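Thanks for coming, everyone. I've got one structure for you today, so let me put it up and then walk you through it.

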2 protein chains.
Amino acid sequence: MSEIRIIRSLHEMISHAEELQKNGIRIGLVPTMGYLHEGHLSLVRLLDGHCDLKAASIFVNPIQFGPNEDLAKYPRNEVRDLELLEKEGCELVFAPSPEEMYPEDYQTYIEVELMSKTLCGRFRPDHFRGVATIVNRLFNLTRCSVAAFGLKDFQQAQVIKKMKRDLHLPVKLLFGETVREDDGLAMSSRNAYLDEEQRNLAGYIPKSLEWVSREANVAEQDSDCLRAGMEDILNTQPGIKIQYIEFVDPKTLDPVQIIDRKVQVLLAVYIGKTRLIDNIEIGPGSKMKPFKELTV
Amino acid sequence: MSEIRIIRSLHEMISHAEELQKNGIRIGLVPTMGYLHEGHLSLVRLLDGHCDLKAASIFVNPIQFGPNEDLAKYPRNEVRDLELLEKEGCELVFAPSPEEMYPEDYQTYIEVELMSKTLCGRFRPDHFRGVATIVNRLFNLTRCSVAAFGLKDFQQAQVIKKMKRDLHLPVKLLFGETVREDDGLAMSSRNAYLDEEQRNLAGYIPKSLEWVSREANVAEQDSDCLRAGMEDILNTQPGIKIQYIEFVDPKTLDPVQIIDRKVQVLLAVYIGKTRLIDNIEIGPGSKMKPFKELTV
């Protein structure tokens, strides 16, 4: 297996990408913030057959964090990340410093306006502007032909899809299903913040999603009733604080009242200081993929 | 001479551009709002030697006009534009409709923040956001390797340069000197709004610029004194209303007090309802290119 190449400078990334492109080598990219888990690695595998060289970026993007969020304590372990990526056949890792990415006179931002203001955007006002900007730049820096994102960050996936369409980005997008722990909890680097008790509580998130998925597949339902049912499940645990539970159109992210078609349920909860998000597709035509070992 | 190809659909533009790119044909682009003059045509010539196929776009971009600006009456003459472009060896013209470019659910915008707020940006708050967004999209739609812009729109040129640097756009930028009429007036599609009397008044704009250029090359000067001198020249004509006269660093567009290096002087004036802009480089090291037949 060839040694993985690590690039830290913008200049080197651009000239290497140009060289690869000139030689007809199609680059596939998995943009990450590091502290990798099986969800990220499944995205690296998702690139198979879509490109000639698999690359990942590791960059904790400061501009997508709010002033009181967890930028400083976001978990990092680059040595382990590189080992995991190499095992998956990743040949290139772009891991720049924040100073390299955001020099003092940096001032260009991309905003997908409507979609960035709902759901998580109500509580994290500049978050998706930060995401759209960094993703656009990573596409340009790596000249990737294809890029893979996880559906755990459902709103992010839709924002990136919309940016691609609106700006005509020459990048094919792939989306990977959420990878879950045995009790159904969606994998997330932020799960590392949870102590044992909190980790057990977190299992109620997938329980509430599995419940709403079953319930909505029975008959046409009103989203307010379904939300109340989910709240009942989550509120049995005083350690869980619901931030939002929303029922939306999967493409536009506009709210949906009656579940008479495929609808995406998204939620954000706090367990202690840790904010966790998850989502599921429900309603007629949706494929319920049962989480492992779930018992409500 | 081959017939010029006109493309109006986004879909056709993208697939044609991909085809050209696949065949190794480097596209050069001059983005325009039509109603072409010698300034635009000089930009088409500027592409010579930098690309394999010369293209222009004609699109009056609604999102760069404010609510009380001249979008509806902006002059148009596509038949003549196409003739002029064909004569210059332009092989491709992209001329989409506003509905094609901005479908109802369009929502992605690019902003070069600091630079868009000064100078013209003080009076046209969303103008440069509209410019950055459309230019970025035209680059992606045409997959151009090189693009040419005029320095008459000096702030626009700097905003585009900064967007390219910040977002790492894979496009080479060329900038063409302002082309002027015999009395020094910068060519602009908006000159067509002027009646004969107003057209004569407009000649005082280049007079004021030539004056400040000569004056600043004599000795270190304070920009406030130079501004006052320009105001004296322009205010002799009651038909001219000054919107701003600013002395700035050519790269950052930050204000400059003492002219001890190359400084850009930018101005905007109203003559009747017509807003005209112009600019000149002054100070040590600047090359004064005398306007033709000017006598102050």
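**Starting at the axis**

Of the residues of chain A, Ile110(A) comes closest to the rotation axis, at 2.3 Å, going by its C-alpha. Before I say more, a caveat: this is a predicted model, where local features need pLDDT of at least 70 and side-chain atom pairs count only at pLDDT 80 or more, while totals for chains, interfaces and linings use all residues. As for labels, residues are numbered from 1 along each chain as its sequence is written, and chains are lettered from A and ligands numbered from 1 in the order in which they are written.

So, back to that axis. A rotation of 180° with 0.0 Å of shift along its axis puts chain A on chain B, RMSD 0.0 Å; the superposition is by least squares on the C-alpha atoms of residues with pLDDT of at least 70 in both copies. The two copies are thus related as by a two-fold rotation axis.

How do the chains meet? There are 23 residues of chain A in contact with 23 residues of chain B, contact meaning C-beta atoms, placed from the backbone, within 7 Å. On the chain A side, the elements giving two or more residues are strand E5 (108-112), helix H6 (127-142) and helix H7 (154-167). Those are DSSP runs, numbered from the N terminus: helices are H or I with at least four residues, strands are E with at least two. E5(A) gives the most, with five residues. By class, that side has 12 nonpolar, five polar and six charged residues. For the classes, Ala, Val, Leu, Ile, Met, Phe, Trp, Tyr, Cys and Pro count as nonpolar, Asp, Glu, Lys and Arg as charged, and the others, Gly among them, as polar. And 100% of the interface residues of chain A are also interface residues in chain B, so the copies meet through the same surface.

Look at the two E5 strands: E5(A) and E5(B) pair in the antiparallel sense over five bridges, where pairing takes at least two DSSP bridges between the strands. For instance, Val112(A) has Thr108(B) as its bridge partner.

Now inside chain A. Buried means 20 or more other C-beta atoms within 10 Å of the residue's own, exposed means 12 or fewer, and partly exposed is in between, with C-beta atoms placed from the backbone. E3(A) pairs in the parallel sense with strand E2 (residues 27-32) over six bridges, and Ala55(A) is the partner of Leu29(A) there. On to E4 (residues 92-94) of chain A: E3(A) pairs with this strand in the parallel sense too, over three bridges, and Ala55(A) has Leu92(A) as its partner in E4(A).

Over in chain B, there's an open sheet of six strands in the order E1-E4-E3-E2-E6-E7, with parallel pairing. Strands E1 (5-7) and E7 (172-176) stand at the edges with a single partner strand each, so one side of each is left without a neighbour in the sheet.

Most residues other than glycine have a negative phi. Leu253(A), though, has a positive phi near 65°, in the loop between strands E8 (240-248) and E9 (263-271) of chain A. Leu119(B) has one near 50°, and Leu119(B) is buried, with 25 other C-beta atoms within 10 Å.

Terms used. Contact = placed C-beta atoms within 7 Å.
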